[in-house]
Amino acid sequence: MSAVLELDAVTKVYPSRPPVTALRGVTLRIDAGELVAVVGPSGSGKTTLLHLMGTLDRPSSGRVRVVGRDVAALPDRQLSALRAGRIGFVFQQFFLAEHASALDNVADGLLYTGMRLAERRARAREALRVVGLDVRPHARPTQLSGGQRQRVAIARALVGEPAIVLADEPTGNLDTATGAAVLDLIVELNRRGTTIVLITHDRDVAARLPRRVDVRDGYVVGDVTA
Amino acid sequence: MRTADLWRLAFVGVRTRKLRAGLSALGIALGVAAIVAVLGLSASSQAGLLREIDALGTNLLTVQNGQSFFGDTAELPTESPGMIGRIGPVTEVQYTGMTDANAYRSQRIPSVNTNAITVQAASLDLLRTVGTSVVAGRYLNAATASLPVAVLGAEAASRLGIDRIYPGERVWISGQWFYLAGILAPATLAPEIDTSVLIGFRAAATFLDFDGHPSTIYVRAATDQVSGVQSVLAPTADPEAPNEVEVSKPSDALVARAKAKAALNGLFLGLGAVSLLVGAVGVANIMVISVLERRSEIGLRRALGATRGHVRIQFLSEATLLGLLGGGMGVGLGALATFIYASTKGWDVVVPALAWAGGLGAALLIGAIAGLLPALRAARMSPTEALWTV
C-alpha cells in the first residue's frame with residue numbers, strides 16, 4: 001500500500017498569548033484506499049490535524065507529506081495546485097454557493113484546475129450521479145434538504161478524483177437518519193476506492209469505520225484498526 | 001483559472017448583491033454622468049454657436065482705424081471703401097464713421113448720461129454685409145440718409161428704452177431732434193453696431209459737422225480668398241500708413257470665444273471628479289465589507305485550490321466590473337442629459353469621444369484602484385482563519 005498522507009512528529013503551536021499547543025508530536029500514516037475516523041472531543045486538536053492534512057496550514061515542527069510531497073517545501077501556488085487536484089474537502093456547514101445550481105456548485109470543485117466549463121459540468125453531472133443526486137442537478141442549494149446539500153458537497157469534493165477526501169464532521173448538521181445515510185454513502189465511496197479521512201466527535205459514527213484514530217489534548221492516544 | 005471563469009465569477013459576485021452593487025456603482029455613475037454631461041453640453045453649445053457663426057458667414061473682414069504713431073486715433077482716408085471695393089475677390093464694402101456726438105432720449109437728460117451709446121454715420125447696405133436686419137421700422141435709405149433720421153442698434157434701443165417705432169418718435173442728438181426710422185436686430189459679427197445710433201453720412205455732415213472719414217469698413221470677400229484679401233486690406237485702406245489700420249476677422253474672434261467658454265467648465269468637471277472620488281470610496285467600502293462577509297467563501301475557494309492570486313484577482317475584477325457598470329450607466333445618463341438639453345436648445349448633439357471614453361476609462365480605473373486594498377486583504381486571509389471563524 002502506498003501512503004497518501006504521512007505525518008511525522010508534527011507539532012502545531014498557535015502564537016497567541018499564551019501560546020496554544022494544538023498538536024504534540026503526531027505521527028500518522030494513511031494509505032490509499034483507507035477509511036479513517038479521527039475522533040476526539042472538542043479542543044482535542046482534531047480540526048488542527050485536518051488543517052495540516054489539507055495543507056491549509058503548515059506545522060510548527062515535524063513533517064507533513066501529501067501524496068509523497070513535503071508540504072513545507074512547497075510555495076503557496078503549488079500547495080494550492082495540490083489542493084485543487086489531490087485533496088477534496090467536505091465541511092460540516094456544506095459551504096455551498098446559494099445562487100448557483102447544485103451542478104455548478106459541484107463543477108466549482110474543478111474551477112482552479114484550468115478545465116473548461118463544459119468539461120467541468122460533464123464531470124459534475126457524473127459526480128452527482130455517483131452520490132445519488134442526479135435527479136435535480138439544476139436545483140439551488142436552498143431548495144435541497146440538508147442530506148441532499150451534503151451530497152452536493154461530497155460530490156464537489158469527489159469531482160476532481162482526489163487522492164484523499166477530508167471530511168470535517170460531515171454528519172454534524174444532519175439528523176440521525178440523514179446522517180446515517182450520508183455515512184453509508186461515505187462507506188460506499190470508500191469501497192469504490194476513495195481514500196477518506198472523517199473527523200468527528202461522535203463515537204457512534206467513528207465506530208462504523210474500519211480504522212479509528214483517537215486524539216486527545218494534541219496527542220494521538222489510540223489507533224485501532226477493526 | 002480561465003479568464004472566462006474569472007469574469008463569470010465577477011458577474012456572479014455583482015449579480016448576487018444587486019442592490020448593493022447598484023448603489024455603489026451609482027456613485028461612480030453620477031460622477032461620470034456629470035463629467036460627460038458637462039463636456040457634452042459645452043461641446044454641443046459650441047457646435048451650436050459655431051453653426052450660428054457659420055450661418056452668419058466667415059468671410060466678413062473689418063477694417064478699423066487704429067492709432068497713429070503718437071497715440072492719437074488715426075483716420076482712414078475717405079477713399080478707403082472705394083479702393084477696397086476694387087480688390088478683386090471683394091464682393092461687398094460697407095462702412096461706418098464714428099462721430100463724437102451722443103444720443104439722448106430727450107434734451108432734458110443731463111449730457112453726462114450718455115449710456116455709452118455712440119452715434120455713427122452708416123452706409124446704406126450695411127445690414128446685409130454685417131448680417132443683421134431691422135426688427136421694427138426700416139433702415140436708412142437714399143432719402144433719409146441726408147435728413148435728421150436715425151436707426152437704433154439693438155442694445156442702444158434697449159438702453160434708451162425704445163422698443164417700437166411710431167410716427168414722430170425721436171431722439172436728441174447734439175442739440176437736434178432726429179426722427180427714428182427703425183430698430184436693428186443684434187449684429188453678432190459686429191457688436192459695435194448694437195450700441196450705436198446710425199444716421200446717414202450726409203446727415204452727419206450736415207447736422208453734426210462730421211468730416212466723413214470712415215472708422216470701420218465691413219468687407220465681404222469670396223470665401224476661398226478671405227486670407228488673401230485680409231493681407232492686402234491694410235495697405236489698400238491707407239497706403240500711406242498701413243500700420244495705422246487694424247484688420248480683423250470677427251468670426252475668428254467669436255470662434256475663439258466659443259472655445260474659451262469651455263474653460264469655464266473646469267468647475268463642473270471638478271465637481272464631477274469629486275463625485276467620482278466619492279463613488280470610488282463607496283466601491284472600496286462595499287468591497288471591504290464584502291471581503292469580511294465572504295470569509296467562508298474565500299476559505300472554501302482556497303480549499304478548492306485557489307491561490308492567493310486567484311482570490312486577489314477575483315475581488316479586483318469584481319470591483320473593476322462595478323466601476324465599469326457605473327461608468328456605463330454614467331455615460332448613458334450624461335449622454336441622455338446632453339441630448340435632452342441640446343434638443344431643447346436646437347443644438348447639434350455632440351458627446352466628444354474624450355468625454356465618454358475618458359469617463360468609462362476613469363470609472364474602470366477607479367473601480368480597480370478602489371478594489372485593490374480589499375482584494376489584497378482577501379488574498380492575505382489565511383484559509384483556516386477564513387473557514388473556521390464563521
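Start by selecting B:Glu169: leaving out residues up to four places away in sequence, it touches B:Tyr179 and B:Leu180 (contact here means C-beta atoms, placed from the backbone, within 7 Å of each other). What you have open is a predicted model, where local features need pLDDT of at least 70, side-chain atom pairs count only at pLDDT 80 or more, and totals for chains, interfaces and linings use all residues. Residues are numbered from 1 along each chain as its sequence is written, while chains are lettered from A and ligands numbered from 1 in the order in which they are written.

Stay on B:Glu169 and show its loop, which runs between α5 (154–160) and β7 (170–173) of chain B (helices are DSSP runs of H or I with at least four residues, strands are E runs with at least two, numbered from the N terminus).

Next, pick B:Val32. Its contacts include B:Leu276, B:Gly326, B:Val331 and B:Ala362. B:Val32 is also among the residues with the most contacts inside the largest nonpolar core, which has 125 residues (a core is a set of buried Ala, Val, Leu, Ile, Met, Phe, Trp, Tyr and Cys residues joined through C-beta atoms within 7 Å). Helix α2 (residues 18–56) of chain B gives this core its largest share, 15 residues.

Last stop: select B:Val90, B:Leu140, B:Ala190 and B:Val229, which belong to a second, separate core of 58 residues.

Technical notes. A residue is buried if 20 or more other C-beta atoms lie within 10 Å of its own, exposed if 12 or fewer, and partly exposed in between; C-beta atoms are placed from the backbone. Two residues are in contact if their C-beta atoms, placed from the backbone, lie within 7 Å.
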